[in-house]
Structures are given as structure tokens and as C-alpha cells.
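Hi everyone, thanks for making time this morning. I'd like to take you on a short walk through one structure, stopping at a handful of residues and helices along the way. Please have a look at it first.

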Amino acid sequence: MGSLSPAIGSKFVAPARNSHCSGFHSLSPVLRSPRPSLNRICKKIRVHTEKKTPSAIDYSDPDWKIKFQKDFEARFNIPHITDIIEDAVPIPSTFCLRMRTPTEDFADGYPSDEKWHGYINNNDRVLLKVINFSSPTSAGAECIDPDCTWVEQWVHRAGPREKIYFKPEEVKAAIVTCGGLCPGLNDVIRQIVITLEIYGVKKIVGIPFGYRGFSDKDSSEMPLSRKVVQNVHLSGGSLLGVSRGGPSVSDIVDSMEERGINMLFVLGGNGTHAGANAIHNECRKRRLRVAVVGVPKTIDNDILLMDKTFGFDTAVEEAQRAINSAYIEAHSAYHGIGIVKLMGRSSGFIAMHASLASGQIDICLIPEVPFNLHGPHGVLRHLKYLIETKGSAVVCVAEGAGQNFVQKTNATDASGNIVLGDIGARLQQEVKKYFNEIGIPSDVKYIDPTYMIRACRANASDGILCTVLGQNAVHGAFAGYSGITVGICNTHYVYLPIPEVISHPKVLDPNSRMWHRCLTSTGQPDFI
């Protein structure tokens, strides 16, 4: 929830809008350059964890609450096709579940005179925050002012609209999957295609291997239909393939114009969404009637403002296998210690939830909570205590945790992400060394199930989430919205402007009730 700088001033403050990296808001620094590369635009924002007091709000002003709400509403206003095409005329929606197929003559209405009440009103809103914290000292408190005043914050409800701004027979929709693999990619692709066909779209294509597919002459579009995608959700991976980086924003939009693409669905994380927002802004700059809609894909669950992202539940569930294996190895050995490294570059959600779910973890280490390895309060001393009292121990560590203990290479991947050191392997080395030095025998096993988890088929929970996200992405595009992403907030599906969800990765709050629950489960002390 960190992008709402005034709303959570007691915790995080997002950078000013004009300081956002390429792909945010106006994108002027990027679009002024000759040909901005997607490698630059898709760089993830560094975690901004400084605790500051917001200076933008004058609490002595009796109208500060009203002004805050107006500013919030302006920030979360979602871009629409009519912003650049003022004379765009809406037509009756071709999406009606009382019809088996879309009517050919959709502009004249439906065969039935009976009104269908399945549409969402454009003025429908979803409450972003539901807890009225009475004190800034409450666990996980998110306060706007020192008195923790309750201020309603609303975002746009997702779903089909009664009026649409694209004629289905004139639509050519494209789907692209970027970044790394994640359970549920095929589920989202499938539902986007199926929902587009229900609207009446005949031209649907997949762009192979991420953004680079727009410029790669050796990769051709993949025609998509319900028949093609019918069973793709039964396996993991991506039907379209994935990659990082890509050509310039200008080249991508040039390619879209050449191909006649006027709906683009982008599946990816923070960096991918920054690229999608850049494409959206370039289309607006050229006054193109194009809808660019994102579907947040990150196994780490590190997208701001959303309850969760698809693939996360599956990752937590699959992580149980690795944790259980580590537990059995440790429990069966003399002074056995099992170490499991899970995903989580900047956030420890998978490690925390997997630890809670398994009930077999003694130590959970995450990027948001610093720790010492050595010393009287260090991890190694606590492991010694566990070996002496329990005979074995299991450690779960997020990949981004303890990076101060590993050698930095300053290398980056194609998306601009810093290549992390292997904290799991380093932890294994330090544990062996420590127990060898104090003369206590130990048997240390290290398990890294990352690629096994990423390649899994989505479980039932993620399958439902993917289905609804895919459907709502299409509804948003037909409603004329662009530069938006779809997500779940307080159990309801919403549309959010992309810049508000990518200012930096969502991180776990060490003061949250969920982290406190994890500490209660593991029984671990502070390692400082």
C-alpha cells in the first residue's frame, strides 16, 4: 500500500511524481530521448523504505481532509479513450450472458427487450482501506495524520460496462507475457481469448517471447482462438513464451500500428507494467484509438494496493513440498539442519506465508527484516540453541534476504534487476563453518525449489483469480480504459492507473499482524 504517500505517512513515502522512473505518469524524461529502450523502462523501482512524515498536507487547514480526498480521486482517475478522442461515441455492449453469441447488429441493441442487470456502473467504487485504526501504535497502522483520522479512499470497480468504445469486428487484440514464468499465465491468456470471443472479436493474436516479439523478425504472431487455448491452463509456463527487455517504446507502437493492433493485454510485473504505461502514453501522444491493459503477474506478490497477485497461492502451496523435504532431511539426521530458499527479491510474502502454512519452520528470514548471522543474538547462535533443545532445525529464507552477507556483482538482468547473490548457499556455508568451529557435528541440507515452483500449473485458488482477472481486463479495454491494470482489493476486483501501483515494490510490514503471527509460529527471536 506504499504508493499512497500521505495515506501511510507513518511508514512509506513514495517519490514525487516527476521523480518516478521511465514509464511513470508523463514519462517525459523517456519520451524526450530518441528511442527509449524497454530495458530502461522496465527497470524495477528500488524499494523505498524511509520512514518520513508527509509534508504535502497542512494539518492546520480545516479542509485538509477534503483536499486529500480530491487529490486522491485525481490520482486514481483512470485514463479513458475520450481523453484524447473527445468525439468517441459509445455503443451498446455486445457482452450479454443472456445471448449465446454476440449479436451481429450490436449497435441496434439486443434481440430481447428485457434489460440485463449484469453491468457495472462507471461510478461504482471499491473501498481501498477497511480498517479504522484508532491509534498510530496499533499493529500495522496506516495513518494519514498524527491523530489517525479515518479518510475514505475509493478506487474504480472492475467489470463489464453497458456502453463500449470498440466495435468487435474492428478489434485486433494482442496478448504479451513478459518477465519470468509464473503459475497461471496460461489461465489468464485463456480467459482473455474466451472473453474477447464472447464480445465478438475475431482477430486475436499472441506476441511471442515478451516485448521483443514486436521487433523479432524471426517470430511471427500466434493466432489465438478458444479452440487453441481450450486446454492450455492444464500446464504451467506460457503458451506465448516469456523474455525480459525489448525494443524501444516507439518501435513497439510502430509495430502495433503496422499490425493493426488496437487492444494490447500485457501480463507482467512492475517493470513490465512500466513498459505498458510507456506504450499507453506513446499511443496517447499519437492520438491512437488503442487500449493498453495490464494484468499484474508477480509470484512475489509485490504489487502495490492489491490483496494478492496470481501465482502467489500456488507458490506458497508448492513451497510446502520443499519445506517438508527439508524437515524430513533435518529430522532424520543427527543434528540435521534444513535450509530452503524461496522467491522474494524485495518482499518476504512467500517465505512468511509458506512458513505459516507449513508449521515446520524454526527460522524465517526476509528482506524487510535485517538480521545478524554471528554474535549473541545472531541466527547461528539460535541454531545452536535449536540443535541442543530440539535436535534439528529448518530455516526458510527469501532470496533477497541478507544480501549484505553475499558478494555483490553489480550485474543486472535484461530488465535491469540487480542479480542477487545466493543467500541460501552462503547460509549453508556459514552454518557448516560455525558448527565445525564450535566442535558440534551437523548435517546441513540446502534446497532451492525456485524453478520447480515457477513452472507449476496454477492451483484452484489461483485458477479462479486468473479467470476473473482475464475477464475484467477485456471488460476494461472494451469500456475504453487504457493505461490501467486490474487487481483484487479487499476481495473485490478493481481498475487502477498503472503509475499508482508501480512506484516501488510492495514490501512486508514488520509491524503487521501477519508477521507477528509468523514470529509466534516459528518462535524465533530478533536477530539483532
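Let's begin with Q428, which counts as buried at 18% relative accessibility, because the cut-off for buried is under 20%. Before I go further, please keep in mind that this is a predicted model. Q428 sits in helix α11, which covers residues 423-437. What does Q428 touch, once residues up to four places away in sequence are set aside? Its partners are I339, V444, K445 and Y446.

Now let me step back for the overall picture. The chain has 528 residues, and buried residues make up 58% of them. There are 15 helices and 15 strands. If we take the contacts between residues at least 6 apart in sequence, 79% of them join residues at least 24 apart.

L380 gives us an example to look at in detail. This residue is found in helix α10, residues 379-389, and it is buried, with 0% relative accessibility. How far apart in space are L380 and E430, C-alpha to C-alpha? They are 8.2 Å apart, while in sequence 50 residues separate them. E430 is also one of the contacts of L380 beyond four places in sequence; the others are L373, H374, V431 and Y434.

Next, the annotated site. The UniProt record, an unreviewed entry, carries a "binding site" annotation that covers T298, I299, D300, M343, G344, R345, E399, Y451, M452, I453 and R454.

You'll find R345 in the loop between β10 (336-342) and α9 (349-358). Is R345 buried or partly exposed? Its relative accessible area is 25%, so R345 is partly exposed. Leaving out neighbours within four places in sequence, R345 is in contact with D300, P367, E399, G400, N417, I418 and L420.

Beyond residues up to four places away, R454 touches G180, L181, C182, P183 and I299.

On to helix α4, residues 185-199. At 1.5 Å a residue, the 15 residues of α4 should span 21 Å, and the end C-alpha atoms are 22 Å apart, so the two agree. How many of the residues of α4 are buried? The count is 13 of the 15, so α4 is largely enclosed by the rest of the structure. Just after α4 comes G200, with a positive phi of about 110°.

Now a pair of helices. Two packed helices are described by the angle between their axes and the distance between the axes. For α6 (residues 249-259) and α7 (residues 270-285), the angle is about 65° and the axes are 9 Å apart. The crossing of α6 past α7 is right-handed. On the α6 side, V249, I252, V253 and M256 make the contact, and on the α7 side A278, I279, E282 and C283 do. Sorted by type, the residues of this contact are seven nonpolar, no polar and one charged.

A word on spacing along a helix: an α-helix has 3.6 residues a turn, so residues three or four places apart point the same way. In α6, the buried residues are V249, S250, I252, V253, S255 and M256. G260 follows α6, and its phi is positive, near 80°.

Last stop: backbone angles. Most residues other than glycine have a negative phi. Which way does the phi of C148 go, positive or negative? It is positive, near 55°. C148 lies in the loop between β2 (125-127) and β3 (154-157), and it is buried, with a relative accessible area of 6%. N301 also has a positive phi, near 65°. Its loop runs between β9 (291-296) and α8 (312-332), and at 4% relative accessibility N301 counts as buried.

Key: Residues numbered from 1 in each chain as written. Predicted model: local features only at pLDDT ≥ 70, side-chain atom pairs only at ≥ 80, totals over all residues. Heavy atoms only, no water. UniProt positions renumbered as here; feature names shortened; annotations may be inferred. Helix = DSSP H or I, 4+ residues; strand = E, 2+ residues; numbered from the N terminus. Buried < 20%, exposed > 50% of the residue type's maximum accessible area, 1.4 Å probe, protein only. Contact = heavy atoms within 4.5 Å. Expected span 1.5 Å × (residues − 1). Axes fitted to C-alpha atoms, helices over the stretch in contact; angles between N-to-C directions. Left-handed = near helix turned anticlockwise from the far one by under 90°. Nonpolar A, V, L, I, M, F, W, Y, C, P; charged D, E, K, R; others polar.
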